[in-house]
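User: I would like to go through this structure with you, one question at a time. Please give the cut-offs behind each term as it comes up.

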Amino acid sequence: MAKRPRLSYIPFGLGPRSCEGAGLAMVEAGLVLAVLLKRFRFRPVPGHEVIPIERFVLWAADDIRMIVSPRIPG
């Protein structure tokens, strides 16, 4: 697999011409995550080891596999 060039993916850009909507996008991402965590339970798949890889941010070598199930209200 070919390696990506360093800093090839920066979602909101850097420097004086960075994305004006970056702040709003980060708030929206937090809200979406909060709703998902409230409505669903996320558990790791038994036997699947997560191996961290250091890149620009921390990644998993072979994905992070989860079992997703709805939370029972109560």
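User: Does His 48 count as buried or exposed, and at what relative accessibility?

Analyst: This is a predicted model, in which local features need pLDDT of at least 70 and side-chain atom pairs count only at pLDDT 80 or more, while totals for chains, interfaces and linings use all residues. Residues are numbered from 1 along each chain as its sequence is written, and side-chain values use heavy atoms, with hydrogens and water left out. Buried means under 20% relative accessible area, exposed over 50% and partly exposed in between, with a 1.4 Å probe and protein chains only. His 48 therefore counts as buried, at a relative accessibility of 19%.

User: Where does His 48 lie, and which residues does His 48 touch, not counting those up to four places away in sequence?

Analyst: His 48 lies in the loop between strand 1 (40–44) and strand 2 (52–54), where helices (H or I, at least four residues) and strands (E, at least two) are DSSP runs numbered from the N terminus. Contact means heavy atoms within 4.5 Å. With residues up to four places away in sequence left out, His 48 touches Asp 62, Asp 63, Ile 64 and Arg 65.

User: Which side chains meet in a salt bridge, and at what N to O distance?

Analyst: Side chains of opposite charge can pair when their charged atoms come close. A salt bridge is a side-chain nitrogen of Lys or Arg within 4 Å of a carboxyl oxygen of Asp or Glu, and by this rule the count comes to 1. Arg 65 is partly exposed, with a relative accessible area of 42%, and Asp 62 is partly exposed at 43%. The side chains that meet are those of Arg 65 and Asp 62, with an N to O distance of 3.6 Å.

User: Which element gives the most to the nonpolar patch, and how many residues does that element supply?

Analyst: Patches are made of residues with over 30% relative accessible area and no salt bridge, like charges being joined within 9 Å and nonpolar side chains (Val, Leu, Ile, Met, Phe, Trp, Tyr) within 5 Å; accessible areas come from the Shrake-Rupley method with a 1.4 Å probe, and for residues only the protein chains shown count as cover. The nonpolar surface patch covers about 770 Å², and its members include Leu 33, Phe 42 and Met 66. Helix 1 (22–39) and strand 4 (66–70) each supply at least two of its residues. The element that gives the most is helix 1, with 4 residues.
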